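Please look over the sequence and the structure below before reading on. The paragraphs after them go from one part to the next.

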Amino acid sequence: MTFGKKLSAAAALLFTVAAGPALAQDAPLSIVFAHHSSASNPFWQAVKKGFDDACARVDASCQMLFTQTEGSVQEQLANIEAGLAREPDALFLTIVDNAAFDDVVQRARDAGITVIAVNVDDSEGAAGNARQAFVGQGFVAAGYALGQAQSANFPEEGPIRVLMGISAPGQNWSEQRGEGVIKFLEDYRESSGRDVEWERIDSGTDLGVTADRVGAYLASHPETNAYFDTGLWHAGVARVLADRGVPPGEVLLGGFDVVPEVLEQMKTGYIQAEVDQQGYMQGFMPVMMAYLAKNFGLSPADVDTGQGIVTPDQADDLMELSAQGLR
Amino acid sequence: MDGNPTAAATPVISAHGLHKWYSGVHALRGVSLDIRQGEALGLVGDNGAGKSTLISILSGLHAPDSGEVRVEGRPVRMRGPRDAMDLGIETIYQYNSMVPTMTIARNLFIGREPLKARIGRFGILDERRMRAESVAAIADVGLHLRSPDALVGELSGGQRQGVAIARALYFKSKVLILDEPTNHLSVKETAKVIQFVRSLSAQGVTCIFISHNLQHVFASCDRIVAMAHGEIVLDRPAGETSPEDIQTVL
Amino acid sequence: MRRLLKRSLQKPELAATLLLILLVVVFQILSNGFFLSEANLRGFLGLMPEMALVATGVTLLMICGEFDLSVGSVFALMPMTMAVLMTQGWPFLPAMTAGLLLCVVIGFLNGWLTIRFAIPSFITTLGMLFMARSLTVVVSGGFPPRLNMEAIPASLFVAFVGPGSLVRASFLWFLAIALLMGFLLGRTNFGNWVRATGGFLPAAQAMGIPTARVKITAFIICSVLAGFAGMIQVMRLGSPLPSAGEGLELQAVAAAVIGGTSLWGGIGSILGGIIGAVLIRVIDNGLVLSQVDGSWFKFAIGALTILAVIGNSWLRKRGQAMKISEH
């Protein structure tokens, strides 16, 4: 490059950098986050905290839209349409259905809005939807990791009987997590040659109901070695086992999301492995990417918030953070 | 007070200058009426004449917008049907004052249940007494029903009216208001009701019989009062008038 | 004798009981004898008293002619309030009292708004359902507080009592309250007023019954029972989640209707509502033990519930049609 061109390039860069913050101050970044869950789900409160904290840091105007009915795709779509009407700079959404969101996302993209999928992605990924990036955990991969982590605790000899609790049959997040666990079990059976069998039940999304159903199953199938939940409701099952006088570890328990009750049961020894979706990160990261996209034209990139498995030795440290909603 | 029931003393119930508006309609325009003890008064008029409004005020269901009601000479302010019942005014409403899903015994004592033990206004029902006394009360009006535990909904229209009358008598009413009591009744049942009203009069119970059926009214009452457009347009002893006269006035 | 049979068949509780017995037999066979085993019964008697308590309150209110759809939210709000107060240092008894008082206020509001503005209670309590659920999230700050089990006489409410540790204290509480409610409805003048108010409001009013007060009292009882039941569940499972009790209102109404309570008021009994609740739990529990596939589970519940109500209705019609000669 000639000296003149270097100078102009440098000047341009300097101008952009200097103007960047000024531009940001002119029109605050506005973001709409519409997901499929209701406000009473503790996991999403963690996401919201990450979202709100990040927005505060970049002075963005942010709104998170919850549904009234847990998992309702129609309500979520309606929220998205309402959110788009205000012409935000960025839209974050959970793609809990492979087809329902394709149109609205395409329209948003056509209007120049940055679209990032969070927490749940189209199962065909970028090929199935016009979203620019996915921030979250691969559900199938997470399920697989959970199964793998728990298998370290399987009894050394004898048949292995597993109960897979699908919390919400038909919903992407639950089915995929279950699929991941089962995939691992299949691979494990093949590679180890052991007698492994499993069953799927509709375990429910209520602490009381899950505890009742799984408790009944476990009582009638005392040979069950492990129970996997696609959510956090196995914490109730831990209680039921304790009440029945079953010692911790006799029936392995594992699931998703780290809430204080789960950590409590990890300390007592009833729960051995738990997947941490790192909800805070799922709320925080997309905001930063939207900021970079708006101000510097940088394209959002996929972020895997981790196949982080939490084990009982970490429970104490996490307790404090969990209570604040940071983990 | 001497016990002579036919003395032309204070009327047992009287209305003075009653006015009432319903949704902008002047339903009662200064109605005044004296009713003597033991009278069987027939109240007639077309729909919208104000009969139901007048009755609802006398039975305590509604309060007049102006004017007053007196019972045995004393002005009273009835804040609800309960007050009226306490004063001895019982009303048998057109669409039944019975709850069809409850038994005869429970209906008879509804709102005034006899209690075995009580705290304030609440207490444990004295069911034995309720059953026994319902049977007696019903027999007193000439009805023979198999069991006080039968649901009122299973009874015929006439039987239900009979139970309603039995109830009013049981609680020793001074004034019995019957709002269209012969509607939907068979010929036989109608005759029974008419005969009943006459006998009540003989017992010194004052009756106000409301009906649009002039034959029934004339058959049971000794004084006819006709209303039209919220006012009283005729007030004569039954013997001095006829259904035809009434028709012309209405 | 025949007359006795005719009368009995028409009593809705009997029809529901016969169905219950039939289902128990069927599930006993399908689960290879496990359904009635001690282990399963012990588990069954965990959730059942909590649900049945809610059903009791809802039944009473329905007999009075009104609905309460907010019971599920109150079920979560009361223990959440209690838990939050306790984290602020309140001792158990005042915290519990405050929670129950909150239920009284909610019940009062439900009733007062319905009567004062002459709107259907269906709508009032539907609105309250959302408001109370939201309050639960607000009160918890989004993150469920830890319940300090040391400070709570949990054993008073949920410990196992009696021989064989089959029955919990919660069952006894439930029994006592149910008997009290049944007595209230059947043997007191208040109960007579409730039936009259629900059976034919104009007649009740004309006979001087303070129907507004009767209804409001019924609303209050309903909310208090729901809150109390929620407290018991939280003591049993340890965690006051904001999502507890979601969907409970529909189950409670279903229980009342299965047990013979009329949707139009005036007809029904506490016993019927309880049998209905037991029936619903039996269906759920039995299907888990019969190893119905997870994805078909909800279908089975729905189908059996419909069958239960049809069976109920059919038995009653048979009873009505029985010919008994008059003498």
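In which sense do strand 3 of chain B and strand 11 of chain B pair, and over how many bridges? The model shown here is predicted, and in it these two strands, residues 40–44 and residues 223–228 of chain B, pair in the parallel sense over four bridges.

M227(B) stands opposite I232(B) in strand 12 of chain B. Strand 11 and strand 12 of chain B form a hairpin with two residues between the strands, and in this hairpin H229(B) takes a positive phi near 50°. In general, strands of a sheet pair through backbone hydrogen bonds, and the pairing is either parallel or antiparallel.

Chain A has a sheet of its own to follow. This sheet is open and has six strands, in the order 2-1-3-4-5-11, with parallel pairing. Why do strand 2 and strand 11 of chain A each have one side without a neighbour in the sheet? Strand 2 (61–67) and strand 11 (303–304) of chain A stand at the edges, and each has a single partner strand, so one side of each is left without a neighbour there. Strand 1 of chain A, residues 30–38, pairs with strand 2 of chain A in the parallel sense over six bridges. Within this pair, A34(A) stands opposite L65(A) in strand 2 of chain A.

Helices pack on this sheet. Helix 2 of chain A touches strand 1 and strand 2 of chain A, and its direction makes about 165° with that of strand 2 of chain A. Helix 10 of chain A, residues 279–296, also packs on the sheet, touching strand 1, strand 3 (90–93), strand 4 (114–118), strand 5 (133–136) and strand 11 of chain A. The direction of helix 10 of chain A makes about 165° with that of strand 4 of chain A.

Which residues does F43(A) contact, leaving aside its neighbours within four places in sequence? They are D257(A), Q277(A) and G279(A). F43(A) and Q277(A) are 234 residues apart in sequence, yet their C-alpha atoms are 8.8 Å apart in space.

For chain A as a whole, there are eleven helices and twelve strands. Buried residues make up 53% of its 327 residues. Among contacts in chain A between residues at least 6 apart in sequence, 75% join residues at least 24 apart.

Last come the contacts between chains. Two pairs of chains are in contact, and of these, chains A and C share the most contacts. Chain A and chain B do not touch, and their nearest C-alpha atoms are 37 Å apart. The contact between chain B and chain C takes 23 residues from chain B and 18 residues from chain C. On the side of chain B that touches chain C, helix 2 (81–86) and strand 8 (122–125) of chain B each supply at least two residues. Strand 8 of chain B gives the largest share of that side, four residues. The residues of this side of chain B divide into 14 nonpolar, six polar and three charged.

Key:
Residues numbered from 1 in each chain as written. Chains lettered and ligands numbered in written order. Predicted model: local features only at pLDDT ≥ 70, side-chain atom pairs only at ≥ 80, totals over all residues. Contact = placed C-beta atoms within 7 Å. Nonpolar A, V, L, I, M, F, W, Y, C, P; charged D, E, K, R; others polar. Pairing = 2+ DSSP bridges. Axes fitted to C-alpha atoms, helices over the stretch in contact; angles between N-to-C directions. Buried ≥ 20, exposed ≤ 12 C-beta atoms within 10 Å, placed from the backbone.
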